[in-house]
Amino acid sequence: MTTDFDLEHLRSWIGTKEIAREQLTRSLVARFNATFDRKSSLNDGDAAPALIHFCLAQPAVPTARLGQDGHPERGGFLPPVPLPRRMWAGSSIEFHAPLPIGSMIERRSVIEDVTLKTGKSGILCFVKVEHKILSDGAIALVEKQDIVHRAMPDVQEPKKPSAPHSDNGQIASHSREMNVSTPLLFRYSALTFNAHRIHYDKPYAMGEEGYPDLIVHGPLQATMLCLYATDLRKEPMKAFRFRSTAPLYGPCDVSLNADTVADEMGLWTMGQNGQTGMQATARW
């Protein structure tokens, strides 16, 4: 590992809690729909779109307390992992009830675990967070989120080579093309109050973090897949899990793909070069 990595200190964050609240307003739903070019009811009491909780009760950290990468300074709710790259690796979500428009949403978060692994790029630090989302005091969903921290690469990452087929071996029975434009990347960052510069600041993404272009948000891909699955099945799902497999560089055209088996639906995003960016499973 490294002598600078004090895992015992980082694991002292296990059990740290954070509570935040925000009303799920009509205007938020309208902005969410506008971002994804969708329409849905804006009436109080009606169910809001799936995964809109990613946009609710996010930390309102003052701009002066943001780090160079745009994330809040390390060592608050999340442990101060001494690795520069931070990514949302995936989540597993269990739905108990819809989130009604007009309700008061409370997010109760707790650090469940901090672990180290060694991958191709070196040390990886995983932080597992549980989020319980309540609507007017009743649990609506429970999310287990995995955050991964890693080192910068020694050299700039090359663009992925072209490939004729998806790299996950699945065959889509349904597919939809989406244009992930620069305005969409910016709007989703604004919608989720996410100032991570890799999603909207191309000189930073390329010059500081070594990416070949802007990065398409993981939760943006997850939301597109979840909404697509809901459109296909036309009923609320019981569970949704997703895992990032490779970066998708934007702006770009992305295909949303689905393969249905009984009460499960396998889903994945794919870039123009055949690279799978995210895999997901919806269950009813």
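Predicted model: local features only at pLDDT ≥ 70, side-chain atom pairs only at ≥ 80, totals over all residues.

Trainee: OK, which residues are buried in helix H2?
Mentor: H2 spans residues 26-35, and Leu28, Val29, Phe32, Asn33 and Thr35 are the buried ones. They sit on the same side of H2, because they cover an arc of only 160 degrees around the axis.

Trainee: What do the buried residues of H2 pack against?
Mentor: Two helices: H3 (182-191) and H5 (218-233).

Trainee: Let's take H3. How do the axes of H2 and H3 cross?
Mentor: They come within 10 Å and cross at roughly 160 degrees. The two helices are therefore roughly antiparallel to each other, and their crossing is left-handed.

Trainee: And which residues meet there?
Mentor: From H2 you have Leu28, Arg31, Phe32, Ala34 and Thr35, and they meet Leu184, Arg187, Tyr188 and Leu191 of H3.

Trainee: What comes just after H2?
Mentor: Asp37, which takes a positive phi of about 55 degrees.

Trainee: Switching topic: how many residues are in the largest nonpolar core?
Mentor: It has 53, and Ile52, Val180, Leu220, Phe240 and Leu267 have the most contacts inside it. H5 gives the most to this core, with eight residues. There's also a second, separate core of 14 residues, with Phe5, Leu78, Val114 and Val129 among them.

Trainee: Back to Phe240, what is it in contact with?
Mentor: Leaving aside neighbours within four places in sequence, the contacts of Phe240 include Leu51, Phe95, Leu225, Cys226, Leu267 and Ala280.

Terms used: Residues numbered from 1 in each chain as written. Heavy atoms only, no water. Buried < 20%, exposed > 50% of the residue type's maximum accessible area, 1.4 Å probe, protein only. Helix = DSSP H or I, 4+ residues; strand = E, 2+ residues; numbered from the N terminus. Arc of directions from axis to C-beta. Contact = heavy atoms within 4.5 Å. Core = buried A, V, L, I, M, F, W, Y, C linked by side-chain atoms within 4.5 Å. Axes fitted to C-alpha atoms, helices over the stretch in contact; angles between N-to-C directions. Parallel < 35°, antiparallel > 145°, perpendicular 65-115°, else oblique. Left-handed = near helix turned anticlockwise from the far one by under 90°.
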